[in-house]
Amino acid sequence: VNMNASEGIILLLLNAYPQAAFVEMKDGRLLVEICLEKKASDDLMREICKVRVRVDGLLPLGVVLTKRSSDDIVLAVLEADPEAAGKRFSTNCDECILPLHIANEDEHSEEVKEALRHAYPDAEKENPFETTHQLHKLLENESSDPVCGDVEDLIKMHPEAVGKRGRDGRLPLHIAIDRIASVSVTWV
């Protein structure tokens, strides 16, 4: 590994707390962005991009995509972990959407989208909102009050849905709590 002393210290700290690589600094930038800007060694950049831990539910690829990092950063993280292109994620702790779908929504470059397609060719065939469940849809429907009997029926038919986060990262309980102030629940 070819690094200067400062980079060696960064690597020691990174090994002790890998999540820090993808936690925003005070100015909103990520370590990977700063190191790229300061022309850190390729060895240090590779080590940063190898971090596989989840940070606020996101793999590093998810972090750099949702943060709209530069193409260089996104492609470096993808190259370090190409399997991440097939892993679903959201802005919270459960997986919901594929990296290609985020790249499409956030208007990343064609180069990034093509690299994601190449790393996970099935991404375009998959439903971007696969884990958004009927229970979420019922609770999120602002045009009508959810009926407890309907909610109960969905829970009985799909008990796993109670523990799944929707596209926005919320659990059904979170959605229901958000509605308390504005919607009354009808007991049947």
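At 10% relative accessibility, Lys113 counts as buried, the term being applied under 20% relative accessible area, with exposed meaning over 50% and partly exposed in between (1.4 Å probe, protein chains only). The structure is a predicted model, in which local features need pLDDT of at least 70 and side-chain atom pairs count only at pLDDT 80 or more, whereas totals for chains, interfaces and linings use all residues. Residues are numbered from 1 along each chain as its sequence is written, and side-chain values use heavy atoms, with hydrogens and water left out.

The side chain of Lys113 forms a salt bridge with that of Glu110, at an N to O distance of 3.5 Å; a salt bridge is defined as a side-chain nitrogen of Lys or Arg within 4 Å of a carboxyl oxygen of Asp or Glu. Because Lys113 and Glu110 are three residues apart in helix α7, about one helical turn separates them. A salt bridge also joins the side chains of Arg117 and Glu114, at 3.2 Å from N to O. Arg117 and Glu114 are likewise three residues apart in helix α7, and therefore about one helical turn apart. Glu114 has a relative accessible area of 46% and is partly exposed. By the stated rule, the count comes to two salt bridges. Side chains of opposite charge can pair when their charged atoms come close.

Helix α7 also packs against α5. The axes of α5 and α7 come within 10 Å and cross at roughly 10 degrees, axes being lines fitted to C-alpha atoms, for helices over the stretch in contact, with angles from 0 to 180 degrees between N-to-C directions. On the α5 side, the contact (heavy atoms within 4.5 Å) is made by Asp71, Val74, Leu75 and Leu78, and on the α7 side by Glu111, Val112, Ala115, Leu116 and Ala119.

Ser69 is located in the loop between α4 (60-66) and α5 (71-80), and its relative accessibility of 3% places Ser69 among buried residues. Leaving aside residues up to four places away in sequence, Ser69 touches Leu30, Glu33, Val64, Val74 and His108. Ser109 lies in the loop between α6 (99-105) and α7, and is partly exposed at 24% relative accessibility. Between Ser109 and Ser70, 39 residues apart along the chain, the C-alpha separation is 9.4 Å.

Across the protein chain there are ten helices and zero strands, assigned as DSSP runs numbered from the N terminus (helices H or I, at least four residues; strands E, at least two). Of the 188 residues, 41% are buried. Among contacts between residues at least 6 apart in sequence, 65% join residues at least 24 apart.

Confidence is expressed as pLDDT, the predictor's confidence in each residue, from 0 to 100. The protein chain averages a pLDDT of 76, and 77% of the residues score at least 70. Where pLDDT is low, the predicted coordinates should not be read in detail.
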